[in-house]
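Dear colleague,

I am handing over the structure below, together with an account of what was found in it. Please read the notes beside the coordinates.

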Amino acid sequence: STLLGPNWTRLPATAGRQIALTIDDGPDPDVTPRVLDVLDRYGAKATFFCIGEQARRYPRCVEAIVARGHAVENHSQRHHHAFSLRGPWALRREIEAAQDTLAEITGARPLFFRAPAGLRNPFLEPVLCQLGLHLASWTRRGFDTRTRSAEVVAQRLLHNLAPQDILLVHDGHAARDAHGEPVLLTALPRVLQAATQAQLRCTTLRAALAQERAPMSERQVAI
């Protein structure tokens, strides 16, 4: 919904035949490095919405995300489930704490924010404006924190997959299959292979934002 303010549920039209893979709730010291390896194999770029406290706990994972060409964005400092019930001052403290944490580790302040569970209230948009952040949600999600079947997760993400879609998966709190493996690690290659076959390229949200703001001649070159 955009009733409470702007909200990226799809990439701008200037993104052309690009999609965005967004990965939430990390970093995770076991899952995140393996996700990075999968992304490397397919030449895909992703946006990692990191929790500040997790980033502080595993800074090397965050550094690896950036070093391998991906983007790190703000998913709050503590990921409280009652986030959307808070007032403006509490929201600002939580979001700004994550801004500071992630900027300290990566050397760049996040440009996007995703609310815990995607839930928000009328106080959020003014806070994001004050901090220079864009709210980002998604077009489709895999529910990969609950579903233990990689095939089902991949099917959800690929159903009617189209240019400018924003996909949501998780490296933190990842569901495990019957063998104890994170389902994301099996579902993700299927998604990236299908995207490649459909001639859809994975980009980051901040790259899409820069492309939207670029002069027309630069957009044509990028696409």
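In which hand, left-handed or right-handed, does α6 pass α7? The crossing is right-handed, where a crossing is called left-handed if the near helix is turned anticlockwise from the far one by less than a right angle, and right-handed if clockwise.

Before the details, please note that this is a predicted model, in which local features need pLDDT of at least 70 and side-chain atom pairs count only at pLDDT 80 or more, while totals for chains, interfaces and linings use all residues. Residues are numbered from 1 along each chain as its sequence is written, and side-chain values use heavy atoms, with hydrogens and water left out.

**The helix pair**

Two packed helices are described by the angle between their axes and the distance between the axes. For helix α6 (residues 150–158) and helix α7 (residues 183–197), the axes come within 8 Å and cross at roughly 35 degrees; axes are lines fitted to C-alpha atoms, for helices over the stretch in contact, and angles run from 0 to 180 degrees between N-to-C directions. Helices (H or I, at least four residues) and strands (E, at least two) are DSSP runs, numbered from the N terminus. On the α6 side the contact (heavy atoms within 4.5 Å) is made by Ala150, Glu151, Val153, Ala154, Leu157 and Leu158, and on the α7 side by Val183, Thr186, Ala187, Arg190, Val191 and Ala194. Sorted by class, these are nine nonpolar residues, one polar and two charged, with Ala, Val, Leu, Ile, Met, Phe, Trp, Tyr, Cys and Pro counted as nonpolar, Asp, Glu, Lys and Arg as charged, and the others, Gly among them, as polar.

Helix α7 also holds leucine 185, which counts as buried because its relative accessibility is 15%; buried means under 20% relative accessible area, exposed over 50% and partly exposed in between (1.4 Å probe, protein chains only). Leaving aside residues up to four places away in sequence, leucine 185 touches Val31, Arg34 and Val35.

**Helix α4**

The 19 residues of helix α4 (residues 88–106) should span 27 Å at 1.5 Å a residue, and the end C-alpha atoms are 26 Å apart, which agrees; the expected span is 1.5 Å times one less than the number of residues. Among the buried residues of α4 are Leu91, Ile95, Leu102 and Ile105, and what covers the buried residues includes β2 (46–50), α2 (52–57), α3 (59–67) and α5 (124–131). Just after α4, glycine 107 takes a positive phi of about 85 degrees.

**Backbone points to check**

Most residues other than glycine have a negative phi, and most peptide bonds are trans. Aspartate 25, in strand β1, has a positive phi near 80 degrees and is buried, with a relative accessible area of 7%. The peptide bond from glycine 26 to proline 27 is cis, with omega near 5 degrees, and proline 27 has its place in the loop between β1 (18–26) and α1 (31–42). Alanine 117, in the loop between β4 and α5, likewise has a positive phi, near 60 degrees, but is exposed, with a relative accessible area of 52%.

**Cysteines**

A search of the whole structure finds zero disulfides, a disulfide being a pair of cysteine sulfur atoms within 2.5 Å. For cysteine 61, the nearest cysteine sulfur is that of cysteine 50, 9.0 Å away. Cysteine 61 counts as buried at 12% relative accessibility, whereas cysteine 129 counts as exposed at 52%.

With kind regards
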